Amino acid sequence: MKKGLEYFPLDVDMFQDIRIRKLIKRQGGKAVSVYVLLLCIIYKDGYYMRWDEELPFIISEQTGFDEAYIREAINCCMALGLFDTALYQSHRVLTSKGIQERYAMIRRSMKRVVRMEEFNVISSEERGKTSEETPKSSEERGKTSEPLYKVKEMEEKEKEKNATTSRTREGDLLDSEIGQMKKSPIWLEHIQMRHKVRPEETDGLLEEFAADCRCNGMTQHSDLSDAQRHFNNWLRIRKEYEQQGREDRRRDAAGALREQASGIIARMQAEDDAAIEKVR
């Protein structure tokens, strides 16, 4: 029996989702394309997908985005809760409760059997009925008279609170990753040679990298290799920006010198013209 879907719906208020808004804020609008393309890949085969090291290349080929950017966008999606981080870390699987609820809803609407034994993150109480399919009545909400949009707003705040609590409980593992990278002499030697970095600069760059990760909402990587790969790409981009800045400053300085020289020549010409006029 075919498990994949031929279509899946996107909510009309998708861009009001606080996680999508944060994704755009941190990674730009291109990150939404990466996220939606991942959803297409997942739903084509079912309700989850296993991580493949070739996945960033595949998405890069389809979107034209840099592979390093795609990895950062996916990491950001996980940090924001768009994918289940715990399941990814334990089984290298991309899925989420929302993805699975939407999958079950579509299968039921097509009058097909819903079977999700593997990597199911929906609790047994929630199986068979999702919040997307059956809105809770006022009695189920505790007989409140709040309008539906207000209830949804409260639910979003609660979800964000739970996600924050979960991330706090998992802890910030960046310090541990930075410590391991500082104790990897062979890798550090390659980094220093590749990017022309002095050994005494390395520790400061690693700390700056960690601070930048935290500013982007990332508190850990999938493993040490992923952290090292991310740092290598981060440093490459930083060096490119520095080189571009130096070239811009050189062009500005050369332009200023040319303008100054032109002014001097113009004054000298004016003085010569004035002298010739006096002689006449």
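**Helix packing and loop residues**

Helix H9 (residues 185-195) packs with helix H11 (residues 224-279) at an angle of about 20°, their axes being 11 Å apart; that makes H9 roughly parallel to H11, a term for angles under 35 degrees. This is a predicted model, in which local features need pLDDT of at least 70 and side-chain atom pairs count only at pLDDT 80 or more, while totals for chains, interfaces and linings use all residues. Residues are numbered from 1 along each chain as its sequence is written, and side-chain values use heavy atoms, with hydrogens and water left out.

**H9 against H11**
- The crossing in which H9 passes H11 is right-handed.
- From H9, Trp187, Ile191 and His195 meet Gln228, Phe231, Asn232, Leu235, Arg236 and Lys239 of H11, contact meaning heavy atoms within 4.5 Å.
- By class, this contact of H9 with H11 has four nonpolar, three polar and two charged residues.

**The buried face of H8**
- Leu174, Glu177, Ile178 and Met181 are buried in helix H8 (residues 174-182), where buried means under 20% relative accessible area and exposed over 50%, with a 1.4 Å probe and protein chains only.
- Seen down the axis of H8, the buried residues fall within an arc of 100°, so they line one face of the helix.
- H9, helix H10 (199-215) and H11 are among what covers the buried residues of H8.

**Positive phi in loops**
- Phe119, in the loop between helix H6 (97-109) and helix H7 (148-170), has a positive phi near 60° although not a glycine, and counts as buried at 13% relative accessibility.
- Lys196, in the loop between H9 and H10, has a positive phi of about 55° and is exposed, with a relative accessible area of 71%.

Terms used: Axes fitted to C-alpha atoms, helices over the stretch in contact; angles between N-to-C directions. Helix = DSSP H or I, 4+ residues; strand = E, 2+ residues; numbered from the N terminus. Parallel < 35°, antiparallel > 145°, perpendicular 65-115°, else oblique. Left-handed = near helix turned anticlockwise from the far one by under 90°. Nonpolar A, V, L, I, M, F, W, Y, C, P; charged D, E, K, R; others polar. Arc of directions from axis to C-beta.
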